[in-house]
Structure formats: structure tokens, C-alpha cells
Amino acid sequence: MPKPSTRLVLLSLLPLPAALLAGTGEVALTLCLVLYLLFVVMALVDILLSGQKPHPSFQCDRQIRQAKNSTGSFNLVMAFADGDRLPPWIEVGIPFPLPVTSTEEQQRLMLKADTPRFSSKWEFSSPDRGYFKIDRIYWQIPSLLGLWLRRGSSEADLPIRIYPNLHRDKKTLANLFLNRGLAGMNIQRMSGQGRDYDQIRDYEPGDPFVNIHWKASAKRNNLMTKTYQVERTQEIYVLIDHSRLSARKIRTDYDEHDENVLERFVAAASVLSLAAVRQGDLFGLMTFSRDTTGFLRASSGPAHLRCVQDHLFTIKPNKVFPDFEEMFRFVRTNLRRRSLIILLTDLSDPAAFESFRQHVGLISRRHILLVNMLTMAGVGPLFQRGDDRKDDIYTRLAGHLIWKDLHDYTRLLAAQRVDLRLLKSENLALEVVNQYLTVKKRQLI
């Protein structure tokens with residue numbers, strides 16, 4: 001739809017002096033009418049010659065990916081069809097979907113006839129993780145004489161993926177990602193003898209009797225010992241509970257942005273996936289709430305990590321009660337090989353804990369299960385050394401009762417071979433990776 005430009009408005013004011021003299025005589029009146037007629041004809045000819053072309057098309061030079069709460073940029077490439085008349089300039093406006101914001105909503109680009117494609121840089125940021133899409137771009141260009149501004153829109157397919165911000169967690173675990181030796185070997189001590197049978201050899205003094213291969217010893221009339229090789233490729237699974245309690249907000253001292261529990265779970269799972277693949281293990285992922293919402297079988301490689309990240313950044317809190325029975329049955333059915341399972345959930349609800357404790361035996365005997373949950377602010381023992389707070393005693397007493405219940409849950413689950421850890425939000429990723437490395441070094445899988 002054409003719009004009058006500033007040039008058209010200014011030109012419409014030029015015949016004004018002649019209009020003031022129109023009352024002095026017929027000559028002045030005739031001159032005024034001729035000037036206005038010429039002006040109208042020129043405006044009509046300009047809009048007719050401009051027609052419906054050109055019509056620009058837009059595309060992005062790469063996939064738009066950025067971490068949340070950080071500023072990113074992308075280049076928007078614009079092209080015109082062959083034979084289109086190029087205007088001297090074009091104004092481009094992008095309606096960024098909320099919560100994605102940009103420092104500028106529109107840009108003016110100067111065009112040159114000898115350049116077939118034009119590029120503009122756009123900066124953006126988002127406080128939320130997720131998938132967003134720009135499906136239309138608006139623009140306006142001047143007419144042939146610049147008397148009109150023709151406005152329009154072009155279809156676009158610009159997906160924006162906002163991932164968790166792992167900068168702080170990676171900085172904390174920088175020594176882990178640098179713990180590499182020559183020829184890709186890990187410089188870390190492995191304890192235990194492993195579980196993969198390797199071969200048999202002659203008995204040597206000091207070998208444990210449990211490793212003696214009695215059938216081979218009887219055949220050879222000599223004691224033979226079984227040897228095992230240390231497992232290098234193990235399956236690590238992270239189970240993320242994104243039910244109703246995962247939407248609770250937490251406030252951290254190191255970050256000015258409010259985050260919910262699920263955001264910390266996603267960040268910890270992302271860091272652990274990088275650590276597991278770096279250590280040569282297979283990483284798998286499962287998300288659940290009332291039912292299983294996603295499952296990625298353990299694997300490795302850059303393509304698998306991209307699949308993990310693409311699945312992680314789309315999950316949102318679901319305001320339903322978690323179904324632990326369905327989750328445990330799914331794990332028991334699909335995970336046949338003994339694996340390390342790290343469960344990120346919240347068991348502060350007594351009903352959720354009872355459901356968890358009743359059905360955890362389905363997998364605790366076959367797999368190694370580590371349960372991690374975040375402790376909210378104010379939850380802790382009533383009397384602590386060096387604590388001189390003078391806040392409400394009833395608030396502190398309520399936090400103490402919650403803390404006592406959680407520690408009782410820890411003892412009850414320990415009897416079922418389940419390790420429950422109460423972690424702080426800022427240390428979640430570090431503690432989860434340390435748990436994984438401890439199990440790996442001890443060859444418990």
C-alpha cells in the first residue's frame with residue numbers, strides 16, 4: 001500500500017504562493033490551477049510507473065542459535081529478482097517474537113545497482129530458553145521519483161533457537177575439559193578391575209581366589225586366573241522431571257536473572273553430556289512429567305550432542321503431578337544394559353516421595369541410581385555454627401522441618417540402594433559431573 005513521502009508533502013506546498021495570488025486576477029488563478037494539475041499528474045505517473053515491483057526476498061546466512069541472557073547477531077541477506085528496478089534505498093523491519101528483543105526494530109539500507117545481494121546485521125537477546133520463529137519481514141521502498149513509499153511484507157523462515165547459558169558452569173569445570181593426555185587418553189586413575197571378561201592366565205601369588213577359573217584349572221592341571229578389562233564405554237542417562245515443582249523460582253547470588261528449577265536441571269544435563277562424551281562414554285536423555293515426554297538412547301558424537309541440545313531447549317514446566325511408576329517401568333523396559341542413571345527431580349512433596357519410594361525398586365537393583373534435588377532458600381538446620389541471623393524464628397523453624405524431612409528421605413532411600421543428594425543451585429552442574437566421575441573411576445557400572 002503506497003504512502004505519501006516527505007518529498008510529496010513538501011512539493012505540495014510549492015504552489016501555495018500562487019494560490020495566494022489566485023484572487024488578484026484570472027492569470028494568477030489559471031497559473032495556480034496549472035501548477036496543481038501538473039503536480040497531481042506527476043504524482044499519479046510516479047505511482048503508476050513504480051508498479052508492484054521490486055519485491056525483495058530474505059534469508060539468513062546461517063542457523064540462528066544463541067545462549068539466553070546474552071547478545072547474539074545474525075546477517076539477514078536480501079535479494080531482488082532479475083530484471084527488478086533497484087530503489088536507491090530500502091527500510092527493513094523485523095518483528096521479533098517475544099521474549100526475543102533487539103536494539104533496533106528497523107534499518108535503512110543503501111542499495112547499489114552492481115550488487116545482487118545485500119546483507120544487514122541484526123543483534124538480539126532473549127531472557128528465556130526455547131524455539132522462536134520469524135515468519136514475515138516488513139519493508140518499504142521509495143517510488144521512481146520518491147513521491148511515494150510503497151510498503152509490503154515478504155515471507156521468511158528464520159527459526160531462532162535460544163539455548164541454556166552454560167558459560168559459568170563450563171568455567172567452573174574448565175579443568176575437566178582440559179584433563180586430556182596424549183593420543184586422546186584420559187589422565188586419571190581408575191580403581192577396580194572392571195566387569196568385562198578379557199582372558200585367562202596362569203595364577204600368580206596374590207591373585208584373589210574369587211578370580212580363579214576352576215574349570216580351566218582342572219583341564220590344564222594348573223591354577224588359572226580370570227582377568228578383566230576396564231570398561232571405557234559406559235552408558236550414562238540423565239532423567240529430568242519437568243512436572244509442577246520444576247517451575248519454582250530460585251534466586252542465585254551469581255546471576256541477576258530469576259530462574260526456575262528446570263533451567264538449572266537443563267544446564268546441568270547439558271554440561272554432563274559434554275563431559276560424558278569427552279570421557280568417551282555414551283550419553284542418553286529422558287524427560288518425563290505425567291508420562292514420558294522424550295527419550296534419546298545413549299550414544300556419542302557431535303550429531304548426538306546436537307540432538308540432545310535440540311531436545312533440552314524445548315522442554316517447559318508442566319503443571320501436573322509426576323508419575324514415577326510409569327517412568328520406572330519405561331526405564332526398566334528400555335534400558336537392558338547396566339547404566340548410571342542420574343535423576344534430577346524434586347521429592348519435597350511427601351506424596352511424590354511415597355510414590356517414588358514405592359516404585360524405585362524396579363530399577364535400583366539393576367542400575368546405579370543417583371537422585372539430585374535442589375534445596376530452596378531458607379531450608380537448613382535451625383542452629384548452625386556462626387549463624388547470627390535475626391530473621392523470623394518461625395520461618396527458620398519451617399525451613400528446619402523441611403530439611404529434617406529431606407534427610408529422613410535420604411536415609412530411607414539409602415536402604416533401597418538409592419543415593420539422594422541435596423544440592424545448592426549454583427553447585428548443581430559441578431556436583432553432578434563429580435558424581436559421574438566418581439562412579440566412573442570406581443568402575444561401579
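Asn221 is placed in the loop between helix 6 (214-220) and strand 11 (224-229); helices (H or I, at least four residues) and strands (E, at least two) are DSSP runs, numbered from the N terminus. The model is predicted, and local features need pLDDT of at least 70, side-chain atom pairs count only at pLDDT 80 or more, and totals for chains, interfaces and linings use all residues. Residues are numbered from 1 along each chain as its sequence is written, and side-chain values use heavy atoms, with hydrogens and water left out.

The phi angle of Asn221 is near 60 degrees, a positive value in a residue other than glycine. With a relative accessible area of 72%, Asn221 is exposed; the term exposed denotes over 50% relative accessible area, buried under 20%, and partly exposed the range in between (1.4 Å probe, protein chains only). Arg417, in the loop between helix 12 (393-414) and strand 19, likewise has a positive phi, near 65 degrees. Arg417 is exposed, its relative accessible area being 54%. Most residues other than glycine have a negative phi, and most peptide bonds are trans. A cis peptide bond, with omega about 10 degrees, joins Leu98 and Pro99. Pro99 belongs to the loop between strand 5 (89-93) and strand 6 (106-110).

In total, the protein contains 13 helices and 19 strands. Of its 445 residues, 43% count as buried. Contacts (heavy atoms within 4.5 Å) with a separation of 6 or more are made, in 71% of cases, by residues 24 or more positions apart.

In soluble globular proteins, nonpolar side chains tend to be buried together. A nonpolar core is defined here as a set of buried Ala, Val, Leu, Ile, Met, Phe, Trp, Tyr and Cys residues joined through side-chain atoms within 4.5 Å. The largest such core has 37 residues, and Val238, Ile240, Leu340 and Ile342 have the most contacts inside it. Two or more residues each are given to this core by several elements, including strand 12 (235-241), helix 7 (261-278), strand 17 (340-344) and helix 13 (428-442). Helix 7 supplies the largest share, eleven residues. Another core, of 27 residues, lies apart from it, with Phe288, Phe324, Leu347 and Leu420 among its members. Leu340 touches Glu235, Ile236, Tyr237, Ile368, Leu370, Tyr436, Val439 and Ile445, when residues up to four places away in sequence are not counted.

In helix 8 (302-312), the buried residues are His304, Leu305, Val308, Gln309, His311 and Leu312. These residues lie on the same side of helix 8 because they cover an arc of only 165 degrees around the axis, the arc being that of the directions from the helix axis to the C-beta atoms. They pack against strand 9 (148-163), strand 12, helix 7, strand 15 and strand 16 (292-299).

Ser425 is located in the loop between strand 19 (418-423) and helix 13. Its relative accessibility is 9%, and Ser425 therefore counts as buried. The C-alpha atoms of Ser425 and Met373 are separated by 9.1 Å, although these residues are 52 places apart along the chain.

Val34 is part of helix 3 (residues 26-50) and counts as partly exposed, at 40% relative accessibility.
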